[in-house]
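Please examine the structure before reading each solution.

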Amino acid sequence: GSDDKGRLQRDRSCLMVLLQWRYTSAPPLVVVSTHLAKDPEDRSQTAVRVRQVTQIVEALTEFTALHSVAEAPVVLCGDLNAKHFGEIRGIARTVWQMTGSQLHKFLWCASDVPTGNTSITKARQCRIDAVQYLSGQMEVIEVRDVPRLPHGEVIPSAEHPSDHFPVVVKFRMKDAYQTYRELGRAWLECVAGQEKVHPLTQADLRSAFEFFDRDKSNSIHRHDLEEACCDLQCGNFFSDIQQVLLDCFPEQEISYEDFIRAYEIRMNHERIRSIGELEKAFQFFAGGRRTIPLWQLEEAFREITPISFSDAEVKEMIRRLDLPLGVEEVDLHSFCEVVCRASFPHRDRGAFSRRALAEQDTCGKHLGRQSTKDLGAKLMHLSELNNSRCFRIPSPSRNPSTWSTNALASPSKFDSDKLICDLSTEASLGLPMPPRSPSPMTLIRQLNGKVAHCSTVE
């Protein structure tokens, strides 16, 4: 049948339960089981499935809030009737973010359990059944192999009476401190690293701050960072990252406000781990073209938003794109950027808009606080310095002769100009030079003379 807007409907179900552990005090587990609209080969059904997923996420957000378990681990399982789960999730995420509302982090951070094809019939041979989970709170320890059929054999059969193979997974719940530590690592990677990361919620960021604030003084100092980085075993960062990071902030300490600002500055659409799903959403909207006219995007939103969304709300979603005046089309890069900017999981879009950041900068100048632009420049340099594989900064107790590189596949690939640029730029930003460092040219000569004996200094 059709809804009151003339959109195709399918009667499908979703069961959502909250499970309490009998013999442990571990947080409860939310399990969602569903069956989405049929015909995975039919692209016209994608809009129906997306609408169903947005309704599930809306219900999950309300369900976990009602039972005060917003941070509980979640597992979703069922017949999704889709060949590309990432496409469905990406489109649903686009819709939900453009509402400007808080959304459950499952839509951003869910991981798929890898399996083989779960439906092998005369009509199709593909994977349409899935188990998805929050990897920050659970880890997979076993996945039962999906049966492999001889060529030409299909299901159901005498041995396999269903037209679906079961997906069987065994999980282990991560302990509270392990989750706590991973949130701290995610913040540090976002602020000082280059790897893609999952966005953090408001509660995640608070927990990450508390992980670094070892003495509970509501500020992060040098000794806090040293203990936390030792706990994290930060092999991906140079050894004196604590001091260089603190030098990015006033008074060489990080308040909770600055902790959040640093995260917001460094988190953009290029850093989000699941950005590929937004790219698939763009391809769905654009229909193979490189740009999407705004009117077409608005029509697509009308088709895939839940029935509870009014036409006025759809127009408001388009307005939230916050495009420059006169721009009537959106390309892939702009689409991903504005959707990510529209509503981060940890706060409302209004507090994260470019206008809001500009107002914060103006206020900060009156209060003598470091501007967002200045902090962003220092954090960007810190990230580039850490990502540069020309050298690792040794601890002060190391002999300078042991300074070395871990990216020199051959002496001919050593980029001495980049090393000089890195060291000079660091000084120009007001950051300290590496401890007990020789001059750039002296370091170049040392490395050129010992490049065959370089080894990573951890």
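**Exercise 1.** Determine whether Asp-39 counts as buried, partly exposed or exposed.

*Solution.* The model is a predicted one. Asp-39 has a relative accessibility of 31%. Buried requires under 20% and exposed over 50%, so Asp-39 counts as partly exposed. Its place is the loop between strand E2 (29-35) and helix H1 (46-66). The phi of Asp-39 is positive, near 65 degrees.

**Exercise 2.** Classify Asn-81 by its accessibility, and state its phi.

*Solution.* Asn-81 is found in the loop between strand E3 (74-79) and helix H2 (85-98). Its phi, near 50 degrees, is positive although the residue is not glycine. Most residues other than glycine have a negative phi. At 4% relative accessibility, Asn-81 counts as buried.

**Exercise 3.** Which form, cis or trans, does the peptide bond from Ile-155 to Pro-156 take?

*Solution.* Omega is near 5 degrees, and the bond is cis. Pro-156 belongs to the loop between strand E8 (138-143) and strand E9 (169-173).

**Exercise 4.** Describe how helices H10 and H11 pack.

*Solution.* First, the axes of H10 (residues 294-304) and H11 (residues 311-319) come within 10 Å and cross at roughly 135 degrees. Angles over 145 degrees would count as roughly antiparallel, and 65 to 115 as roughly perpendicular; H10 and H11 are therefore oblique to each other. The crossing is right-handed. Next, Leu-297, Glu-298, Phe-301 and Arg-302 in H10 meet Asp-311, Val-314, Lys-315, Met-317 and Ile-318 in H11. By class, this contact comprises five nonpolar, four charged and no polar residues.

Technical notes:
Residues numbered from 1 in each chain as written. Predicted model: local features only at pLDDT ≥ 70, side-chain atom pairs only at ≥ 80, totals over all residues. Heavy atoms only, no water. Axes fitted to C-alpha atoms, helices over the stretch in contact; angles between N-to-C directions. Helix = DSSP H or I, 4+ residues; strand = E, 2+ residues; numbered from the N terminus. Parallel < 35°, antiparallel > 145°, perpendicular 65-115°, else oblique. Left-handed = near helix turned anticlockwise from the far one by under 90°. Contact = heavy atoms within 4.5 Å. Nonpolar A, V, L, I, M, F, W, Y, C, P; charged D, E, K, R; others polar. Buried < 20%, exposed > 50% of the residue type's maximum accessible area, 1.4 Å probe, protein only.
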